[in-house]
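Trainee: I have not seen this structure before. Could we go through it by questions, starting with the side chains?

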Amino acid sequence: MKMRKSLLLGLVTCSVLFAACGKGDASQDKVIIYTNADDEPVQVMQKVLDDNGFKDQYTLQTFGTSDLGSKLLAEGTNIEADLVTMSTFYLKSAQESKQMFQPLETNLKPLVADVDFAAPFSVQEGAIFYNTDALSEANVPVPASLKDLADPKYDNLISISDIKQSSTAWLLFQALIDAYGKEEARDILTKIYENAGDHFESSGSAPLKKVRLGEVPIGFGLRHQAVLDKENGEPIDYVEGTEGTYTLTESFAVVDKGDKTNPKAQEMLNVILEKGRADLIEIYPSPIYEGETVNSAHAATNQKVFPEELTAELLKEHQELMDGVN
């Protein structure tokens, strides 16, 4: 009798262990997605994956751009992620130094066929935005240009993000450097930093949050977020500076782990792009694939791209422009 009980207990124990092992293997099959995207596109990605057969088959983790960029450049193919969405310039630098991404296969045709390992995901645009109520109370005019933000009349009335922590700030730098040259741009930025004072933020989204709450009347950040706020009835408006609207492209890439590459990563990439573009282009109103159109009311009228190729090395060069300031 004792032998039967011991045998039965052993069988149950083995069954539990096998079940646990099975669950462990299943969890290892999940696609790990790293992204620097904002909340809105993250929600689109999750909804598209869940609605198209991939619910509970992935884990998604968000990072700041500089943090994820550092991980890519430091870890290469040893990174835990199977699929990443990231600023394209970081992906290019990581590929050049680490050869870490697979060639992609997708039915969508990008308007600019750049590289075979990165599939464009969105176009980020920088813009000046302001709280209409707070601006009226401050009794200052709407800035017509980015250079205007350096005017002493905007002292302690603006919020911007830190280029050493947020790629959003790079859009401001690109516009000023392209329009005025490095030396004058540094002088302008120094005065903008002084005007920002305590409203100098680590996150690209933080300036709009402060402007939305009326803590400061004016900010610089992502244009699409200000557009959305205005449409949602917030006291927010935006202006396209005379220097133009500069852009950064974000892209998908699949990490090449050889035989350990998760095949579902490529599948998920295609599903998000094919099924999610309609929603993504509503958030980021810039066509990036053939056949796409945008709401003209949402589109910037003077969209520009920095004349030099954007790389992690160029970003570092522009970051160093402000060493010792603030």
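Trainee: Is F89 buried or exposed?

Mentor: Keep in mind that this is a predicted model. The relative accessibility of F89 is 4%. Buried means under 20%, so F89 counts as buried.

Trainee: And W170, buried or exposed?

Mentor: The cut-off for buried is under 20% relative accessible area. W170 has 0% relative accessibility, so W170 counts as buried.

Trainee: Which residues do ring pairs link into a cluster with W170?

Mentor: The structure holds six aromatic pairs. In one of them, F89 and W170 lie 4.8 Å centre to centre with 75° between the planes, which is edge-to-face. F89 belongs to helix α4 (residues 88–98) and W170 to helix α6 (residues 168–196), 81 residues apart. The cluster linked by ring pairs holds W170 together with F89 and Y90.

Trainee: How are the rings of F121 and F252 arranged: stacked, tilted or edge-to-face?

Mentor: Both F121 and F252 are buried. Their ring centres are 5.0 Å apart, and the angle between the planes is 70°. Planes over 60 degrees apart count as edge-to-face, so the pair of F121 and F252 is edge-to-face.

Trainee: How many residues apart in sequence are the parts that this pair ties together?

Mentor: F121 lies in strand β4 (residues 119–131). F252 lies in strand β9 (residues 245–254), so the pair ties together parts whose separation in sequence is 131 residues.

Trainee: Is α6 roughly parallel or roughly perpendicular to α10?

Mentor: The axes of α6 and helix α10 (residues 312–320) come within 11 Å and cross at roughly 75°. Angles of 65 to 115 degrees count as roughly perpendicular, so α6 is to α10 roughly perpendicular.

Trainee: How many charged residues are in the contact of α6 with α10?

Mentor: From α6, the residues are W170, F173, I177 and K182, and they meet L314, L315, E317 and H318 in α10. By class, five residues in this contact are nonpolar and one is polar, while the number of charged residues is two.

Trainee: Which residues of helix α7 are buried?

Mentor: Helix α7 spans residues 206–213. The cover over its buried residues includes β4, β5 (158–161), β6 (200–201), β7 (218–222), α8 (223–231) and β8 (236–239). The buried residues of α7 are A206, P207, L208, K210 and V211.

How values were computed: Residues numbered from 1 in each chain as written. Predicted model: local features only at pLDDT ≥ 70, side-chain atom pairs only at ≥ 80, totals over all residues. Heavy atoms only, no water. Phe/Tyr/Trp six-rings, centres within 6.5 Å; stacked < 30°, edge-to-face > 60°. Helix = DSSP H or I, 4+ residues; strand = E, 2+ residues; numbered from the N terminus. Buried < 20%, exposed > 50% of the residue type's maximum accessible area, 1.4 Å probe, protein only. Contact = heavy atoms within 4.5 Å. Axes fitted to C-alpha atoms, helices over the stretch in contact; angles between N-to-C directions. Parallel < 35°, antiparallel > 145°, perpendicular 65-115°, else oblique. Nonpolar A, V, L, I, M, F, W, Y, C, P; charged D, E, K, R; others polar.
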